[in-house]
Amino acid sequence: MTLDTARAHQTAEAVARTSYSKLIAWLAARCGSVSAAEDALSEAFAAALQSWPLQGCPQNPDAWLLTVARRKLIDLTRRQRPEAGSDELDTVPASLDEAATSPLPDRRLGLLFACAHPAIHAAIRAPLMLQVVLGLEAAQIASAFLMSPSAMSQRLVRAKTKIRQAGIPFHIPQREQMPERLEAVLDAIYTAFSEGWQDPAGSDPARRELAGEAIYLGHIVADLLPSEPEAFGLLALMLYAEARRAARRNASGEFVPLQQQNTSLWDASLNSKAEASLLHASRFGRIGRFQLEAAIQSAHVERHRTGITNWPAILTLYNALFALTSSPVVALNRALALAEVDGPHPALLTLDELAADTRLLDYQPYWAARADLLNRARQPAQADLAYQRAIGLERDPAVRHFLQRRRDAAH
């Protein structure tokens with residue numbers, strides 16, 4: 001591979017990582033088809049890898065790709081409807097020279113709300129947003145929703161077909177229509193943030209940028225809907241988590257669990273912004289999932305001020321959250337809080353009840369929590385088996401090493 005070819009590939013990979021979702025959002029908004037937008041952009045990337053090594057990388061590669069993809073869509077439209085004109089895909093530069101300086105509009109928020117249209121099944125709205133708007137792969141999405149990759153892929157294909165067949169518009173709906181779509185939009189943003197959050201050291205550029213993009217979109221939604229408390233609850237939750245990023249690894253790069261983190265490393269500015277967002281949400285008197293989750297994180301932040309974690313308050317919040325959501329993940333975290341208040345044995349009884357939920361069989365946090373509680377309950381043989389399962393399921397080498405150390409210490 002020549003130097004020019006390598007540079008072209010690096011540039012294309014960088015654009016795919018940072019701008020793919022923006023490009024898809026713009027193209028889909030213009031042509032009305034997510035699949036057609038994906039196909040056109042794929043062809044544009046292929047053209048770039050042929051052109052850029054010979055002609056050099058453009059000053060604005062995002063706009064170059066947008067222009068080429070637009071031309072692909074125009075060609076497709078003309079083949080399907082010879083009477084159609086290029087004005088149906090206007091408002092982007094007509095030439096590659098003009099594209100070098102043209103700004104790229106960000107249409108992702110409109111596409112987020114389009115994917116949350118009532119005509120699309122509620123269970124697939126958030127996964128669809130994650131793939132189309134935020135660029136996650138089907139396997140990542142499937143893992144987040146405790147589903148097999150093949151089943152998730154089939155559902156996503158059907159959802160895109162539904163968008164095309166129903167003629168769902170790709171724009172931000174009227175303000176009175178937003179609240180009914182808001183829950184799915186917030187779910188998608190938070191799942192995207194969680195994927196980025198799984199790279200504590202910030203060594204994976206795609207994940208690091210995904211977390212930042214999720215916070216950016218969270219700010220936009222909160223600004224757009226200032227009277228929706230859950231939008232501010234989500235923003236607070238993400239900011240609390242992001243504030244702890246620097247404390248999640250020690251100087252040697254080893255994983256540090258929340259209760260062992262040096263609170264002086266937490267970002268005070270982000271925590272203050274999170275507190276302000278949560279306070280704003282509380283003024284409306286409409287409690288929701290994200291506000292409760294943010295309140296739990298706020299209780300953990302209190303340790304920075306007092307040196308003590310208020311576990312009874314955290315358990316109370318988890319009780320309310322579980323009553324609201326019935327989520328097995330919330331039940332798992334509630335069990336861990338219960339162990340801090342009443343000891344490991346009541347918490348293990350809760351985990352035994354959760355074992356019937358097959359979605360948790362391959363969920364690493366369940367096995368890590370079970371291993372820790374069994375170890376605290378002085379059941380070393382069972383704890384060892386749970387540690388083995390947790391280690392086998394964990395993708396992060398630093399977390400695997402942490403669990404291995406815990407397992408070794410339990411012997």
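**Entry 1: a serine in a loop**

I started with Ser326, which is exposed, with a relative accessible area of 51%. The cut-off for exposed is over 50%, so Ser326 qualifies at 51%. I kept in mind that this is a predicted model. Where does Ser326 sit? I found Ser326 in the loop between helix H14 (311-325) and helix H15 (328-342). I then looked up its backbone: Ser326 has a positive phi of about 55°, although it is not a glycine.

**Entry 2: an arginine with a positive phi**

I noted that Arg378 is not a glycine either, yet its phi is positive, at about 60°. Arg378 belongs to the loop between helix H17 (364-376) and helix H18 (380-393). Is Arg378 buried or exposed? I read a relative accessibility of 75%, so Arg378 counts as exposed.

**Entry 3: the whole chain**

Next I stepped back to the fold. I counted 19 helices and zero strands in the protein chain. The chain has 411 residues, and buried ones make up 50% of them. I also looked up the contacts between residues at least 6 apart in sequence: 64% of these join residues at least 24 apart.

**Entry 4: aromatic pairs**

How many aromatic pairs does the structure hold? I found five. One of them joins Tyr190 and Phe290: the ring centres are 5.6 Å apart and the planes stand at 80°, so I logged the pair as edge-to-face. This pair links distant parts of the chain, with Tyr190 in helix H9 (residues 178-197) and Phe290 in helix H13 (residues 289-306), 100 residues apart. I checked burial for both partners. Tyr190 has a relative accessible area of 18% and is buried; Phe290 is buried too, at 2% relative accessibility.

I then turned to Tyr366 and Trp367, which also form an edge-to-face pair, with 5.2 Å from centre to centre and 85° between the planes. Tyr366 counts as buried at 3% relative accessibility. Trp367 comes out at 16%. Because the cut-off for buried is under 20%, Trp367 still counts as buried.

**Entry 5: a charge over a ring**

Last, I looked at Trp197. Which residue places its charged end over this ring? I found Arg248 there, with its charged end 3.6 Å from the centre of the Trp197 ring.

How values were computed:
Residues are numbered from 1 along each chain as its sequence is written. This is a predicted model: local features need pLDDT of at least 70, side-chain atom pairs count only at pLDDT 80 or more; totals for chains, interfaces and linings use all residues. Side-chain values use heavy atoms; hydrogens and water are left out. Rings of Phe, Tyr and Trp (its six-membered ring) pair if their centres lie within 6.5 Å; planes under 30 degrees apart count as stacked, over 60 as edge-to-face and the rest as tilted. Helices (H or I, at least four residues) and strands (E, at least two) are DSSP runs, numbered from the N terminus. Buried means under 20% relative accessible area, exposed over 50%, partly exposed in between (1.4 Å probe, protein chains only). A charge sits over a ring if NZ of Lys or CZ of Arg is within 6 Å of the ring centre and within 35 degrees of the ring normal. Contact means heavy atoms within 4.5 Å.
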